[in-house]
Amino acid sequence: MKTLTQYIIEQKGDPIDEQWLNDEKPVMTKDGRQVIIMSIDYENVPNIIKGQVKMDEKLFDYEWDDTGLCTKAVDQLGNPKKSVESDNLVKAV
């Protein structure tokens, strides 16, 4: 259980945790793109977070593991690309 001090020091850009996702708090990519979490697959280990990332005016499907590490990414045209650190999930407070 977190103390009051730990809640106060949570900031935009901090790594996500399971409690953050369970509370349905906002997340974003590390480079600031908006993310909508669609579902979390708890049957796999590590859990798979499925969501959509907003780039320009379009939404693209992405996947992350339960630590926020991107496992499936696409470019602005929707073509698969190798995920980079800026695609990882972080807290958006």
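The legends below describe close-up views of a predicted model. Residues are numbered from 1 along each chain as its sequence is written, and side-chain values use heavy atoms, with hydrogens and water left out. Local features need pLDDT of at least 70 and side-chain atom pairs count only at pLDDT 80 or more, while totals for chains, interfaces and linings use all residues.

**View 1. D87 in the loop between strand 6 and strand 7.**
Strand 6 covers residues 80–81 and strand 7 covers 89–91; strands (E, at least two residues) and helices (H or I, at least four) are DSSP runs, numbered from the N terminus. D87 is buried, with a relative accessible area of 0%. Buried means under 20% relative accessible area, exposed means over 50%, and partly exposed lies in between (1.4 Å probe, protein chains only). Apart from its neighbours within four places in sequence, D87 is in contact (heavy atoms within 4.5 Å) with T29, R33, Y62, W64, C70, A73, K81 and K82.

**View 2. Salt bridges of D87.**
A salt bridge is a side-chain nitrogen of Lys or Arg within 4 Å of a carboxyl oxygen of Asp or Glu. By this rule the count comes to 5 salt bridges. D87 forms one with R33, where the closest N and O atoms are 2.5 Å apart. This pair links distant parts of the chain: R33 is in the loop between strand 1 and strand 2, D87 is in the loop between strand 6 and strand 7, and they are 54 residues apart. R33 has 15% relative accessibility and therefore counts as buried. K81 also forms a salt bridge with D87, with the closest N and O atoms 3.3 Å apart. K81 is partly exposed, at a relative accessible area of 33%. A network of salt bridges links D31, R33, K81 and D87.

**View 3. The salt bridge between K30 and E85.**
The closest N and O atoms of K30 and E85 are 2.5 Å apart. Distant parts of the chain are linked by this pair: K30 is in the loop between strand 1 (27–29) and strand 2, E85 is in the loop between strand 6 and strand 7, and the two are 55 residues apart. K30 is partly exposed, with a relative accessible area of 45%.

**View 4. The aromatic pair of Y62 and W64.**
Rings of Phe, Tyr and Trp (its six-membered ring) pair if their centres lie within 6.5 Å; planes under 30 degrees apart count as stacked, over 60 as edge-to-face and the rest as tilted. The count by this rule is 1 aromatic pair. Y62 and W64 are stacked, at 5.8 Å centre to centre and with 20° between the planes. Y62 is buried at 1% relative accessibility, and W64 is buried at 0%.

**View 5. V74 in strand 5.**
Strand 5 consists of residues 70–74. V74 has a relative accessible area of 8% and is buried. Not counting residues up to four places away in sequence, V74 touches M55, F60, D61, Y62, N79, P80 and K81. V74 and P26 are 48 residues apart in sequence and 21 Å apart in space, C-alpha to C-alpha.

**View 6. P46 in the loop between strand 2 and strand 3.**
Strand 2 covers 35–41 and strand 3 covers 48–55. P46 is partly exposed, with a relative accessible area of 41%. Leaving aside its neighbours within four places in sequence, P46 is in contact with D65 and D66. P46 lies 16 residues from K30 in sequence and 20 Å from K30 in space, C-alpha to C-alpha.
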